[in-house]
Structures are given as C-alpha cells and as structure tokens.
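My notes follow in the order in which I went through them.

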Amino acid sequence: MRKLLQAGLLACALAASSICDSQSISPASPRIIELTADRDSRYRQGHKASPTIEVFAGEPLILRITAMRAKEVARDGSVHGLALLDHNSNVVAGWRFFLHAGVQDLAVTAPMDPGRYTAVCIVICSDGHDGMGFTLIVNDPKTSARESK
C-alpha cells in the first residue's frame, strides 16, 4: 500500500512538473554588450572611447569584455577592473569585477532604478586610469513603450 501511494505521488509530481514547464515563460535571453578595456586605459565600444550605453531597467546583460594589459598590473594579476556607481557613487550590487587579460563574459542585470550610472575602472592600470569609464543609461521599459506608440 505504501509503495502504491509513493508511486501515485511521484506520478502526480511528474505530471504537475510537465504542466508547469509547458506553461512557464522563458526568461529573455541576455543582450551581449561587447567592450574593450584597452591598453590606453579606456573602455571602448567599437572605436568609441568612453561610450554611453542604453539599457532597460532589470534587463539581463552579458558584458563581453576584452581586457588588454595596460602599464600597471594589480598583485592578483588584474589588468583592469569595473564597478558601476549610482548617483551617490555607491557600487551597484553585482557590478564589481576584476579583469584579467583576455575575454571575460560577465553576467549582470541592469539596475532596477532608471537613471544615469557611471562605470569606472577599479584597478590602478596606468597614469590615465582616472579617465577610464563609460556611462550606462537605464531606461524605464514602461516609459519607453509608451513613447514608441
């Protein structure tokens, strides 16, 4: 009797799982943003230094960063770093990375609060380190949808 009850419960669980899976909405594929952390201590998107990148609040992203060795290297071997700062210069949770030479794919989620954010290098990579950054503009998807109608 006990084995029959366990088998029945297992069958119900499998049926419920398959129903839930068929009705679930798959999450959006992350958008890939390609950047270079260059040897001249600049973030580049294509040929544009210190780019401005627009995203939607909560959008899943992959930052594909090709990091090139600059003049200095940190003790841990990092050649550059990346931190996203909010309007109070606080690091946004999940947006602090140390980059080693080569290509890194960093899975992040855009901040939920719309606004202008500043990405900065957090490894002293050269004399030009202070100028290494880019701007991330986070748009509200609801406002953008209304504007496009």
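**Hairpin, strand and one threonine**

I began at the hairpin of β6 and β7, which has 5 residues between the strands, and noted that Ser89 there takes a positive phi near 65°. I worked on a predicted model, in which local features need pLDDT of at least 70, side-chain atom pairs count only at pLDDT 80 or more, and totals for chains, interfaces and linings use all residues. Residues are numbered from 1 along each chain as its sequence is written, and side-chain values use heavy atoms, with hydrogens and water left out.

I took strands as DSSP runs (E, at least two residues), numbered from the N terminus, and counted two strands as paired if DSSP finds at least two bridges between them. On that basis β6 pairs with β7 (residues 91-99) in the antiparallel sense over 5 bridges, and Ala83 has Arg96 of β7 as its bridge partner. I also found β6 paired with β9 (residues 115-120), again antiparallel, over 3 bridges, with Thr118 of β9 as the bridge partner of Leu85.

Next I checked burial, where buried means under 20% relative accessible area (1.4 Å probe, protein chains only). In β6 (residues 80-85), 6 of its 6 residues are buried: His80, Leu82 and Leu84 point one way, while Gly81, Ala83 and Leu85 point the other.

Last, I looked at Thr135, found in β10 (residues 133-139). Thr135 counts as buried because its relative accessibility is 17%. Leaving aside neighbours within four places in sequence, I found Thr135 in contact (heavy atoms within 4.5 Å) with Pro51, Thr52, Ile53, Arg116 and Tyr117.

Conventions. Buried < 20%, exposed > 50% of the residue type's maximum accessible area, 1.4 Å probe, protein only. Helix = DSSP H or I, 4+ residues; strand = E, 2+ residues; numbered from the N terminus.
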